[in-house]
Amino acid sequence: MNRREFLKVAGATTAVTGAALASKPKKAFAVELGKEHDEFPLEVTKNFKGFRQQDHVFFRTFWDKEPVDKYISDRFGYKTFTEPGMIFNAVHDGIIEGKNTGKMGFRQIDSALDRAAWSVNKNFAANSELGVRNTLLQKHPINPQTGEKIKDMPVLVESLYSWNNSKVDEMLAQGKEQYKFKDAKEVSKHIKKAAKFLGADLVGVAPYNENTKRWTYTEWAVPNVKPFTMPDGTVEYLPFDPFKFMKGEYETFGVKTVKPDFKREAGFEPKSVIVLAFEMDYDGFKTAPTLVASASAGTRYSKMAETAHKVAEFLRNLGYKAAPCGNDTALSVPLAIEAGLGEGSRMGMLVTEKFGPRVRLAKVYTDLEIQPDKPITFGVKQFCNVCMKCADACPSKAICHEPAQVIEKDMEFDTGKVTKSTLTGVEKWFVNGERCVSFWGYNGGDCGTCIAVCPYNKIDEWHHDLSKLMTLTPFKPLLRSLDETFGYGGPIEPEERLESKYLKDAINDFWDKI
């Protein structure tokens, strides 16, 4: 776009904005751009085969001993994909220290906040963030006579993501009836109200039919575990050898897989999927890729487990069965698209109209038939094709610069080759998950830089709504430049960002703001 065209478009944008202000000053920027679709808004090929959960980057930590690609070995020093996954989790759990320990954003106070944020997920929904479904918690019983922990006798108890629906069976067996709604539309209204009241920020519903079943993993996986007696005398069931790990060896025990079967594991066949979105803290994510940003994600993972559990309990007390899920069971982003919550993006995250990509997702499957929502689009695909800010800022060079297209096996991009961890047969942008998670291990915390720099990531105020308005105009390609001019997102160059005054100020501002 030349200078003349720029001025012309800028003038048109100003005119549109001015007209909006003049006609509806209180609602001038409350722009609704969503267009509903009857079908999934991205191409899915006829030979689409779904995705095996064991091939997810998190699960490959437990079984994949193949050498990593040259970029990962040269940049991060890892030999196999098991290393970064185990190192990241060990740093995250405080077993070892990361390389950034002590730096701004990785100090003891930042780390303490991170672990506190994740604590509900860790203590009441352990391993759900890795994708373990229907999770179980390891607890050590207390001797009622002595008050001491029985260290050598761990028991497994249900987590917040429990699929146990025996309460419903008991209710129906006692002659209690399911709550009767007038119709599926009334169901939707009550379910959405309850879900938001119980903690979700956005709620959408997708039908569980042949179109949405394709997002369910073709095989469900869970890590194999073995018992280990820890230094304090407690017995822990772990998916890796902790003693070898402390010596720099990476022994894991593989995974076991089963075909998806809700009837077998939850006692029902789903009719609907309730998709819940949770807003992550804006100020916290300005500090990405530090532990403060990780804490912002952690609070939502903890909230996901709590809210999904509550929604499931709400349904069960109405006489319907439910299976609350976090990162497990199915691919969350396409399900959220099916449920009308937003669009896919270059970074692979869901982009919502209200919060941009700054959300986390949970799902609740149920045998209650709920009026479904429709997929929507509001210009994200077109914008992501020209922006590329997340790709430029990615510290692991995992996000490609090429346009959205149907991804197929063995395709190559500027960020590497399509591997088993990439969903194929679907129109999207290529993201190299191996590089992404390798940076997590190297960084010593989650990243989130792509979310932080995204022009859609703004707080809900007029600047955000003006950005949405501009996506309707030819001015759209310049939105990234304006975003940077106004100072959103901070430095794009990864190395510069980590040492920048912007990041230090963002961390100080986070802690100073009460």
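**Figure 1. Charges and overall build of the protein.** The 71 positive and 69 negative charges of the protein have mean positions that lie 3 Å apart. The model shown here is predicted. Its secondary structure consists of 21 helices and 18 strands. Along the principal axes, the C-alpha trace extends over about 80 × 60 × 50 Å. The radius of gyration is 23 Å, which agrees with the value near 24 Å that a compact globule of 514 residues would have.

Figure 2. Of the 514 residues in the protein, 54% are buried.

**Figure 3. Helix 16 and its cover.** Helix 16 comprises residues 433-443 and is mostly covered, with nine of its 11 residues buried. The buried residues are G433, E434, R435, V437, S438, F439, W440, G441 and N443. Several elements from other parts of the chain take part in covering these residues, including helix 2 (57-60), helix 3 (70-76) and helix 4 (82-92). Strand 17 (416-417) is also among the elements that cover the buried residues of helix 16.

**Figure 4. The two ends of helix 16.** At the start of helix 16, N432 directs a side-chain oxygen towards the backbone nitrogen of E434, to within 3.2 Å. E434 itself is one of the buried residues of the helix. At the other end, helix 16 is followed by G444, which has a positive phi, near 85°.

**Figure 5. D110 in helix 5.** D110 belongs to helix 5, which covers residues 108-124. The relative accessible area of D110 is 0%; because buried means under 20%, D110 counts as buried. The side chain of D110 reaches the backbone nitrogen of G105 at a distance of 3.0 Å.

**Figure 6. The surroundings of D110.** With neighbours within four places in sequence left aside, D110 is in contact with K103, M104 and G105, among others. In the case of G105, the backbone nitrogen is the atom reached by the side chain of D110.

How values were computed. Residues are numbered from 1 along each chain as its sequence is written. This is a predicted model: local features need pLDDT of at least 70, side-chain atom pairs count only at pLDDT 80 or more; totals for chains, interfaces and linings use all residues. Side-chain values use heavy atoms; hydrogens and water are left out. Helices (H or I, at least four residues) and strands (E, at least two) are DSSP runs, numbered from the N terminus. The radius of gyration is taken over C-alpha atoms; the globule rule is 2.2 Å times the number of residues to the power 0.38. Buried means under 20% relative accessible area, exposed over 50%, partly exposed in between (1.4 Å probe, protein chains only). Lys and Arg count as positive and Asp and Glu as negative; His and the chain ends are not counted. The place of a charge is taken as NZ of Lys, CZ of Arg, CG of Asp or CD of Glu. Contact means heavy atoms within 4.5 Å. A polar contact is a pair of N or O atoms within 3.5 Å; within protein, one must be able to donate a hydrogen and the other to accept it, and residues adjacent in sequence count only if both atoms are side-chain atoms.
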